[in-house]
Amino acid sequence: QYEKAINVFDQLIRADPENPRGYFLKSAAYFWMFSADMQNQQIGDIFKQISYQAVEVAEKRLEENEQDVNALFYMGGAYGSLGRYYGMTYSYLESYWYGKKGVRYLEQVIELDSTYYDAYLGLGIYHYLADVLPKFVKVLSFLLGLEGDRDLGIQQLKLAAERGVYGRIEALFC
């Protein structure tokens with residue numbers, strides 16, 4: 001029910017355009033739409049555009065308060081999703097760059113609040129995927145310092161599934 005979800009997220013954006021939450025959630029809907037039809041570049045382009053909007057809005061909030069855990073979370077989530085998108089489209093350098101950037105923001109969230117369980121979803125996806133990359137990509141990832149840990153990733157996904165709010169279902173799926 002992508003259209004219904006997008007309408008709800010558009011309402012969130014209209015109600016609070018300076019909050020990255022609505023943009024991030026809307027980008028997630030487009031991410032999953034693209035995942036179901038990876039030949040549809042128009043959907044991929046919309047996903048990227050909305051993700052970059054989420055980043056812009058989060059950056060403005062972080063300029064006001066660099067320890068705003070919600071802004072850090074949405075920034076990390078948007079960059080992480082962009083990393084996954086670029087991995088799906090075989091743009092491995094961009095995938096690495098965005099994924100690593102997303103992880104840095106999510107790690108900041110956990111440093112500030114270890115009970116922000118939704119942040120463990122992105123960290124878990126990153127750590128798991130970085131460990132199970134195809135061999136030809138692992139060589140590049142080793143040179144770039146991409147550290148994967150399948151077991152840690154699974155632990156983090158379980159934590160997000162058990163205690164997360166927004167990412168609970170996705171963590172169960174992963």
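**Figure 1. Surroundings of Gly 83.** Apart from neighbours within four places in sequence, Gly 83 is in contact (heavy atoms within 4.5 Å) with Ser 95, Tyr 98 and Gly 99. The structure is a predicted model, in which local features need pLDDT of at least 70 and side-chain atom pairs count only at pLDDT 80 or more, whereas totals for chains, interfaces and linings use all residues. Residues are numbered from 1 along each chain as its sequence is written, and side-chain values use heavy atoms, with hydrogens and water left out. Gly 83 belongs to helix α4; helices (H or I, at least four residues) are DSSP runs numbered from the N terminus. With a relative accessible area of 4%, Gly 83 is buried; buried means under 20% relative accessible area, exposed over 50% and partly exposed in between, for a 1.4 Å probe and protein chains only. A distance of 20 Å separates the C-alpha atoms of Gly 83 and Asn 70, which are 13 residues apart along the chain.

**Figure 2. Packing of α4 against α5.** The two axes, of α4 and α5, come within 7 Å and cross at roughly 155 degrees. Axes are lines fitted to C-alpha atoms, for helices over the stretch in contact, and angles run from 0 to 180 degrees between N-to-C directions. The pair α4 and α5 is therefore roughly antiparallel; this term applies to angles over 145 degrees, while those under 35 count as roughly parallel, 65 to 115 as roughly perpendicular and the rest as oblique. The crossing of α4 past α5 is left-handed, meaning that the near helix is turned anticlockwise from the far one by less than a right angle. Residues of α4 in the contact include Leu 72, Phe 73, Gly 76, Gly 80 and Gly 83, and those of α5 include Ser 95, Tyr 98, Gly 102 and Leu 106. The contact of α4 with α5 divides into 13 nonpolar, nine polar and two charged residues. Ala, Val, Leu, Ile, Met, Phe, Trp, Tyr, Cys and Pro count as nonpolar, Asp, Glu, Lys and Arg as charged, and the others, Gly among them, as polar.

**Figure 3. Tyr 90 in the loop between α4 and α5.** Phi of Tyr 90 is near 65 degrees, a positive value in a residue other than glycine. Most residues other than glycine have a negative phi. Tyr 90 counts as exposed, at 62% relative accessibility.

**Figure 4. Packing of α5 against α6.** Helix α5 (residues 92-112) and helix α6 (residues 119-131) have axes that come within 9 Å and cross at roughly 140 degrees. That angle makes α5 oblique to α6. The crossing in which α5 passes α6 is left-handed. Among the residues that make the contact are Gly 99, Val 103 and Leu 106 of α5 and Tyr 120, Leu 123 and Tyr 126 of α6. By class, the contact of α5 with α6 comprises eight nonpolar, two polar and two charged residues.

Figure 5. Lys 26 lies in helix α2 (residues 20-36) and is buried, at a relative accessible area of 15%. Not counting residues up to four places away in sequence, Lys 26 touches Ile 6, Phe 9, Asp 10, Ile 13 and Ile 50. The axes of α2 and α3 are 8 Å apart, at an angle of about 160 degrees; α2 and α3 are therefore roughly antiparallel to each other.

Definitions and conventions
Helix = DSSP H or I, 4+ residues; strand = E, 2+ residues; numbered from the N terminus.
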